[in-house]
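Here is the note you asked for on how the two chains of this model meet. Please read it beside the coordinates.

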There are 2 protein chains.
Amino acid sequence: VLDPSDLPTVADIRAAAQRLAGQAVRTPLLNVPSLDRRLGFRLLVKAEPLQRTGSFKFRGAYNRLSLLSTEERRAGVVAFSSGNHAQGVAAAAALLGIEAVIVMPSDAPAIKIARTREFGAEVVTYDRQREDREAVAGEIARSRRAVTVRPFDDRGVIAGQGTIGLELAEQAAAMGAALDAVVVPTSGGGLVAGCALALEAESPSTRVYSAEPAGYDDYARSLAAGHRLANEGAPGSICDALLVQRPGEITFAVNRERLAGGVVATDEEVRRAMALAFDCFRLVVEPGGAVALAAALAGRIPGAPQTIAVVASGGNVDRYRFVEALEA
Amino acid sequence: VLDPSDLPTVADIRAAAQRLAGQAVRTPLLNVPSLDRRLGFRLLVKAEPLQRTGSFKFRGAYNRLSLLSTEERRAGVVAFSSGNHAQGVAAAAALLGIEAVIVMPSDAPAIKIARTREFGAEVVTYDRQREDREAVAGEIARSRRAVTVRPFDDRGVIAGQGTIGLELAEQAAAMGAALDAVVVPTSGGGLVAGCALALEAESPSTRVYSAEPAGYDDYARSLAAGHRLANEGAPGSICDALLVQRPGEITFAVNRERLAGGVVATDEEVRRAMALAFDCFRLVVEPGGAVALAAALAGRIPGAPQTIAVVASGGNVDRYRFVEALEA
């Protein structure tokens, strides 16, 4: 059962925005009018591949680490992640002078492991088939008395991600755009929860949707059912950042009351979205980061919205995977 | 002989910045600290691929067209270009309600013709073997009394491009960075002239360099000689946007007195720079747009500067050309 003090509020997000000022990139909200004419709706793209570490994860990590006590900072932090959360925690820890251990699967994209080390973190790998990452991380945390930084089910992390929602509302207003719908790549649900909280306060008529890879639509199904459901099977997906099996407890408590629903996109649609982001926005988007864009381009957002903002949540993609998308 | 009234001033650039506010994207100045540690200097990248139309050319075109009289606006404008200038003029004209005719070779890639039309311009094609594009454009200009918008040798165009220099100075200062050197992709020299004028006013200790493809270093050689020289031969280059044969008259009058020199990069270095921009900045940069980055990465900037800003001037690149760079 959730303690009410676990739940993030818009005040947390505003406080996070203050902490992140000058540390996180205020990423641009991109728009291409000639593309809008072709699509028949106005498409705004929040360009988080340009964020520090190449994804939105830096925001939540930096905010969470800023909330640690002096004693906790001294002991260091542990995180488990296949990629973007690892880099976010590693970079935030380095900036704040905190030691970080990152537990990653040994078969994670090579570039993500290399980058995490480059940020100064210690990387401990585990065998995804035979070991449980939470157990590995838990053991490290116990032995070092280190705080485990969870990737999404954490009030401080959600508050950091929510700064994207605040920026979206401000930037859209400055462009004279009324946001009918905002679509957000979703795995554990922290990013979409933060965005939903921020937009509820700043743009209450905006409908917020989770976007997931086809076959990993646990969030969409959970929202429809009103309670948390896990994925059934694991058909595989190029969206390596979005393969969490079920909604977070905290994130679902936030999202259940605030999201208009969940949408999906296939790998093929994701590749097409990556190629369109290349052609029209000159932006490198990783597969998981392109799933909201893919769903919008596929016409999956209900109610024929006139203006849709999608979060392009990250750009950490291996060259071969990107080439594959351009050549599809 | 140049009329002094043809020469742009920093006041022109400040006025252009006012006109462009809300129309042009204030593109981010990107920095990746972990890359800086690897390189041994601080590298800042001005991300003009995120500009409207995918290159800096929109700035100069919009400013130039804003300066037209009511009568001139009514008659429309003509430009000849098969690339970024065409799109910049077409998009600016559409925003300002001005008719634009773009003269393009009939064998230009269909996609470039289609994109220019998508911005609302009328495309007139000519036979590259049998017709002279300036004569074709001149005939259209005469018959319609339309103003020809030159790609670089024009006071209003240079002033528009110079807004990049103003933004660079402001953004670097906000990051606490003292700009030792700024390196700018150069063909006719309008972009670097505008940047040099702006930085002379805003950051007078900054050294400004032109960057060109190897074999097309007419600007570097002209700066060294003190007078305008043409390229000798045309060895070919992937930098399709940078193949003008000699410095502009107005641009050279500005640059001769202000640039610290000219640097070059080979096609191979340009491909590596495009791949690095993909990996580290998640940005799509076209070959010509990557030449300043390539020169900086190759260690060509004299005096071992601690902080180097490069302009990534555009991102309009065919997929096959980009894939080639990633696979090099």
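The points below take up the basis of the values, then the interface, and then the symmetry.

1. This is a predicted model, in which local features need pLDDT of at least 70 and side-chain atom pairs count only at pLDDT 80 or more, whereas totals for chains, interfaces and linings use all residues. Residues are numbered from 1 along each chain as its sequence is written, chains are lettered from A in the order in which they are written, and side-chain values use heavy atoms, with hydrogens and water left out.

2. On chain B, 31 residues are in contact with 31 residues of chain A (heavy atoms within 4.5 Å). The two chains bury about 2700 Å² between them, with 55% of it on carbon and sulfur atoms; this is the accessible area (1.4 Å probe) lost on putting the two parts together, summed over both.

3. Four salt bridges cross the interface of chain B and chain A (a side-chain nitrogen of Lys or Arg within 4 Å of a carboxyl oxygen of Asp or Glu). Asp279(B) forms a salt bridge with Arg319(A), where the closest N and O atoms are 2.6 Å apart.

4. Chain B superposes on chain A by a rotation of 179° with 0.0 Å of shift along its axis, at an RMSD of 0.7 Å (least squares on the C-alpha atoms of residues with pLDDT of at least 70 in both copies). The two copies are thus related as by a two-fold rotation axis, and of the residues of chain B, Leu283(B) comes closest to that axis, its C-alpha lying at 2.7 Å.

5. Of the interface residues of chain B, 97% are also interface residues in chain A, so the copies meet through the same surface.
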